[in-house]
Amino acid sequence: MRYWLMKSEPYEFSIEDFLAQPNQTIAWEGVRNYQSRNFMRNQMSVGDSVFFYQSCCKDPGILGIARVSKPAYPDATQFNPASKYFDPKASPHNPRWFNVELTLVQRTRLVPIKELRRYPELQKMRVLQTGNRLSITPVDPAEWQFILTIL
């Protein structure tokens, strides 16, 4: 099993939106960064654990725990001309973008990025590195276990 942190802006998809989904499950669609796509397509497996992180808001941070509940498959939004995620270079025979499905395990207290930065145990965590803008990053097992102790 691997551990991940996946970011979403609350105006796009919030923790409240996650809670409101049928079975609290969502296709993590719309990712248009090759490295993040590759994480989903090549490395994520059913059962992997995910910190749900809200960014681009007043208090960015971790707000929940989810699990990968369906492995990567082509993101349907790339084929829909009406979608803001439409990709004219993609085709059903040659998809460029993939998504996994996530199921919310639990909402947690907000663990703001300011708090995460205070812990020496998390100093190497990718989401805390200067210049990191990836929406999906791996989380080291030791970092995962430490964060569970502060939730």
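User: How many bridges join β1 to strand β3, and do they run parallel or antiparallel?
Analyst: This is a predicted model. In it, six bridges join β1 to β3 (residues 49–54), and the two strands run parallel.

User: What about β1 and β6, in which sense do they pair?
Analyst: β1 and β6 (residues 136–139) pair in the antiparallel sense, over four bridges. Within β6, P138 stands opposite W4.

User: Is β1 largely enclosed or exposed, and why?
Analyst: Strand β1 (residues 3–8) is largely enclosed by the rest of the structure, because six of its six residues are buried.

User: Which residues of β1 point which way?
Analyst: Y3, L5 and K7 point one way, while W4, M6 and S8 point the other way; all are buried. In a regular strand, side chains alternate between the two faces of the sheet.

User: Zooming out, what is the strand order in the sheet?
Analyst: The order is β2-β5-β4-β3-β1-β6, in an open sheet of six strands with mixed pairing. β2 (25–27) and β6 are the edge strands, each pairing on one side only. From one strand to the next, the twist averages 35°.

User: And β4 with β5, how many bridges there?
Analyst: There are 10 bridges between β4 and β5, and these strands run antiparallel. For example, G64 has R107 in β5 as its bridge partner.

User: Which strands does helix α4 lie across?
Analyst: Helix α4 (residues 141–150) lies across β1, β3, β4, β5 and β6. The helix runs at about 65° to β3.

User: Switching to Y73. Where is it found?
Analyst: Y73 is in strand β4. Y73 counts as partly exposed because its relative accessibility is 23%, and the buried class means under 20%.

User: What is Y73 in contact with, leaving aside its neighbours within four places in sequence?
Analyst: Y73 is in contact with A27, W97, F98, N99 and E101. With E101 there is a polar contact between the two side chains, at 2.7 Å. W97 is 24 residues apart from Y73 along the chain, and their C-alpha atoms are separated by 8.5 Å.

User: Last one, S83. Buried or exposed?
Analyst: S83 counts as buried, because its relative accessibility is 16%. S83 sits in the loop between β4 (61–74) and β5 (98–112).

User: Which backbone nitrogen lies 2.9 Å from a polar atom of the S83 side chain?
Analyst: That is the backbone nitrogen of Y85.

Conventions:
Residues are numbered from 1 along each chain as its sequence is written. This is a predicted model: local features need pLDDT of at least 70, side-chain atom pairs count only at pLDDT 80 or more; totals for chains, interfaces and linings use all residues. Side-chain values use heavy atoms; hydrogens and water are left out. Buried means under 20% relative accessible area, exposed over 50%, partly exposed in between (1.4 Å probe, protein chains only). A polar contact is a pair of N or O atoms within 3.5 Å; within protein, one must be able to donate a hydrogen and the other to accept it, and residues adjacent in sequence count only if both atoms are side-chain atoms. Two strands pair if DSSP finds at least two bridges between them. Contact means heavy atoms within 4.5 Å. Axes are lines fitted to C-alpha atoms, for helices over the stretch in contact, and angles run from 0 to 180 degrees between N-to-C directions.
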